[in-house]
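Subject: Structure for your files

Hello,

Here is the structure we spoke about. My notes on what was found in it follow below.

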Amino acid sequence: ADQADPRSWSCTCTCTCICTCTCTCTCTCTCTCTCRKVIVKSIDLVVVGGGIAGLWILDAAIRAGLSAVCVEASKLGSGQSVCAQGIIHGGLKYTLKERDLSAASPISEMPALWADLASGDPQLGPDLSEAVMSSPCTWLWRTDSLASRLGMLGAKAALRTKPSTVDRDGRPALMRDAPGAVLRVDEPVFDTRSVLKTMALA
């Protein structure tokens, strides 16, 4: 049935003709054709942009059983993704300005989620076990003028990644003698190039 339907095949033909002419011309032609079947497949979703967000959406769509493709004008991640710091924010930075509190809660689960994906548990997202985690945390240097405001707003936002004060011996070497408090924030840092490579190969 498919062979009878010209819409399911794409053919390229090369023809050679030999003609003999007197008062009239008689031509004999030999044609060689190469045909391949064209598979027409419907697409449920087209993701525009091959950064980390685009590849994440593509992964989620495929996991949901959709037929999806990702289109990118340049190299994967060549825009914002490859230039990003790689910090998986849990909302702390949004609590520094009270007007940004509404943005803190929706991403509060992100550090824990990425840590699970990096440990080889890809039930809720792409398998990131091959991605490089540069650091399991970030560090916050807190001055006295910031302490009360940060504590109040952090509690108000109900963050999971609450900063915790560390003693001098537990500080990074570069911050060991810094005045004021140094706090550990459990927001992991990933090498974005390794994340892109891992997601592209998934």
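Asp59 is buried, with a relative accessible area of 16%, which puts this residue under the 20% cut-off for that class. Please keep in mind that the model is predicted.

The side chain of Asp59 is paired: Asp59 and Arg63 form a salt bridge, at 2.6 Å from N to O. The two residues lie four apart in helix H1, so about one helical turn separates them. In general, side chains of opposite charge can pair when their charged atoms come close.

How many salt bridges does a search of the whole structure find? The search finds three.

- Arg184 and Asp186 meet through their side chains, with an N to O distance of 2.8 Å. Arg184 is partly exposed at 28% relative accessibility, and Asp186 is partly exposed at 38%.
- Asp177 and Arg168 meet through their side chains, with an N to O distance of 3.7 Å. Here Asp177 is exposed, its relative accessible area being 67%, while Arg168 is partly exposed at 43%. The value for Asp177 is classed as exposed because the cut-off for that class is over 50%.

Now the overall layout. The protein has 202 residues, of which 30% count as buried. Its secondary structure consists of five helices and nine strands. In sequence order, the pattern reads β-β-β-α-β-α-α-β-β-α-β-β-β-α.

Two packed helices are described by the angle between their axes and the distance between the axes. For helix H1 (residues 52-63) and helix H5 (residues 192-201), the axes come within 10 Å and cross at roughly 30°. That angle makes H1 roughly parallel to H5, because the class takes angles under 35 degrees. As for the hand of the crossing, H1 and H5 cross in a left-handed way.

Next, the surface. Which residues make the nonpolar surface patch? The patch is made by Ile43, Val46, Val48, Val69 and Val71, and covers about 410 Å². Two elements give two or more residues to the patch, namely strand S3 (45-48) and strand S4 (68-71). Val46 is placed in strand S3. At 46% relative accessibility, Val46 counts as partly exposed; a residue needs over 30% relative accessible area to join a patch, so Val46 can qualify at that value.

One last item concerns Val82, which is found in helix H2 (residues 80-83). Is Val82 buried or partly exposed? With 22% relative accessibility, Val82 counts as partly exposed, since the buried class requires under 20%. Val82 and Gly51 are 31 residues apart in sequence, and their C-alpha atoms are 8.1 Å apart in space.

To recap the points to look up in the viewer: the salt bridge of Arg63 and Asp59, the left-handed crossing of H1 and H5, and the nonpolar patch that includes Val46.

Regards

Technical notes
Residues numbered from 1 in each chain as written. Predicted model: local features only at pLDDT ≥ 70, side-chain atom pairs only at ≥ 80, totals over all residues. Heavy atoms only, no water. Patch = residues over 30% accessible without salt bridge, like charges linked within 9 Å, V, L, I, M, F, W, Y side chains within 5 Å. Areas by Shrake-Rupley, 256 points an atom, 1.4 Å probe, with all protein chains shown as cover. Salt bridge = Lys/Arg side-chain N within 4 Å of Asp/Glu carboxyl O. Buried < 20%, exposed > 50% of the residue type's maximum accessible area, 1.4 Å probe, protein only. Axes fitted to C-alpha atoms, helices over the stretch in contact; angles between N-to-C directions. Parallel < 35°, antiparallel > 145°, perpendicular 65-115°, else oblique. Left-handed = near helix turned anticlockwise from the far one by under 90°.
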